[in-house]
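Please work through each solution step by step with the structure at hand.

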Amino acid sequence: MSDNQPVKYLDEEESSSSPCQRCKVENAILITRKEKFCQNCFIRFIRGKQRKQMQDDKYKVKYGPFIERHGQQKVLLALSGGESSVVLLDVMASLLQEQFEAHNGKQGFELIILNLDEFDLNHLNKKVGEILPLLIKRYSPANIQYKVLALNSYILDDSILDKIVLNDDFTGLSSTIIGSDKSYTLFDILELCPNKSSVEDLLTIIYNELILRTAYLEKCQTIIYGHSMTRIANEIIALTVKGRGSIIYEAISDHSKTYKDQQFQILFPLRDVLYAEIISYCKLTNMDEFILQSTIPKSKINKNLTIRDLTTRYFSQLDATGYASTASTVVKTGEKLGAPKSDSTSLVTHCQVCGVEIYQDPGNWLRNITVNKAAPIETEEEKEYLESYKASIGEPEIIDDRYKSVHICYGCIVTLGGVNSVSGFVWPLKDKNTDHFESQPYLVDSEVEKQKILDEFILTNDEDEDDDNE
Ligand SMILES: [Zn+2]
Ligand SMILES: [Zn+2]
């Protein structure tokens, strides 16, 4: 391991001559953040990070009237089975175990572990249903529940599905699929995606919804994610690339979220922990055997990787080359973002695919800066090509009055761009009966704005000449 890694392990000789800087008794085994730690002090250091993020009294053991007034807090932990979520489980469960022992069997909160089963989707090496009971047994006698949800449960029934088409002018239309003879599973829907990044993007929407739905049904008040600082930085960059910059502020900060009529506190208790520290914690607590891994090898070719694969690789390269602090800089910058400002006179609409607020008509903006029509057909040869192209893709759907206009945000336009126009895209639309998009006033896209954007993309002749002169 290179000296530049954020966590540096000491060899036997170094260890025997380096006392732990925390307890000053044991020999240090590793260095992180320029401090030497023994095993126990390192584990306590990471657990302390979670406790700092969740100091609120509602997570502490309560007696008498407080419980009667507020009831017991229920915490839902979203567990993917990767290192970070397994470490968060260990941190939370150890806390419960401590509370249980110190308070005669009382716990400060109830913990429910939720896993969305990715066994088939990602060809996992182990079944989470076999791992979880073993994992939870480690914290006996603390009381921890778990649930494993099939991804397909996202689609409650076919009647909520609509077929969506994107027009050349970036407007979206939808029609019901009731009456069609095909029924769709979640996997059928993902098959209709134009590429892997689109699948990844839509899965994020599905996971968020399933997690909220479960928290609602289980009457949880808090939802926690295992994201490390590195993962949060990764998320900020990936969301920017995917055209979902408007939700960064809420995707990465501790915040509250309303779902149906309930408010949920969404927390990232490991937000101050580096991914490299998570890996060390996992090893030192012997949790490695519980980690779920995909058995699909990652492609070496960039074009076969998803946006998140690429950003993940970017941050692991930064770690390896001594630039681990970049993650913290990215997170600090991301945390400064707030919700986008909307024209106060306009009603904010929601994207019917992913549910985010739309502050500005993305179609308008795209129509203004792009040329989306093919060049005119001029020669016989071009005509022949066009005919054979048309024959190969089949007849596109006739758009008639079965189709209704649908609100789609910029991020979803990016994700759905390139969907086959014949098969279309099938999705359970949110909030179907909303008012018409066209009637909503939007922030004005003035000619000046448009010219500014175009100017940024056009290389002037002057610049070319300068290059030639050099
Ligand atoms: Zn120590
Ligand atoms: Zn959307």
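The protein chain contains 18 helices and 15 strands, where helices (H or I, at least four residues) and strands (E, at least two) are DSSP runs numbered from the N terminus. This is a predicted model, in which local features need pLDDT of at least 70, side-chain atom pairs count only at pLDDT 80 or more, and totals for chains, interfaces and linings use all residues. Residues are numbered from 1 along each chain as its sequence is written, chains are lettered from A and ligands numbered from 1 in the order in which they are written, and side-chain values use heavy atoms, with hydrogens and water left out.

**Exercise 1.** Determine what share of the 470 residues is buried, and describe the accessible surface and the contacts of the chain.

*Solution.* Step 1: buried means under 20% relative accessible area, exposed over 50%, and partly exposed in between (1.4 Å probe, protein chains only). By this criterion, 43% of the 470 residues are buried.

Step 1: the accessible surface comes to about 25,900 Å², and carbon and sulfur atoms hold 52% of that area. Such areas come from the Shrake-Rupley method with a 1.4 Å probe; for residues, only the protein chains shown count as cover.

Step 2: a contact means heavy atoms within 4.5 Å. Among contacts with a separation of 6 or more, 74% involve residues 24 or more positions apart.

**Exercise 2.** Explain why the salt bridge of Asp 201 with Arg 244 ties together separate parts of the sequence.

*Solution.* Step 1: the side chains of Asp 201 and Arg 244 meet at 2.8 Å, N to O.

Step 1: Asp 201 belongs to helix H8 and Arg 244 to the loop between H9 and H10, so the pair joins parts 43 residues apart in sequence.

Step 2: Arg 244 has 7% relative accessibility and is therefore buried.

Terms used:
A salt bridge is a side-chain nitrogen of Lys or Arg within 4 Å of a carboxyl oxygen of Asp or Glu.
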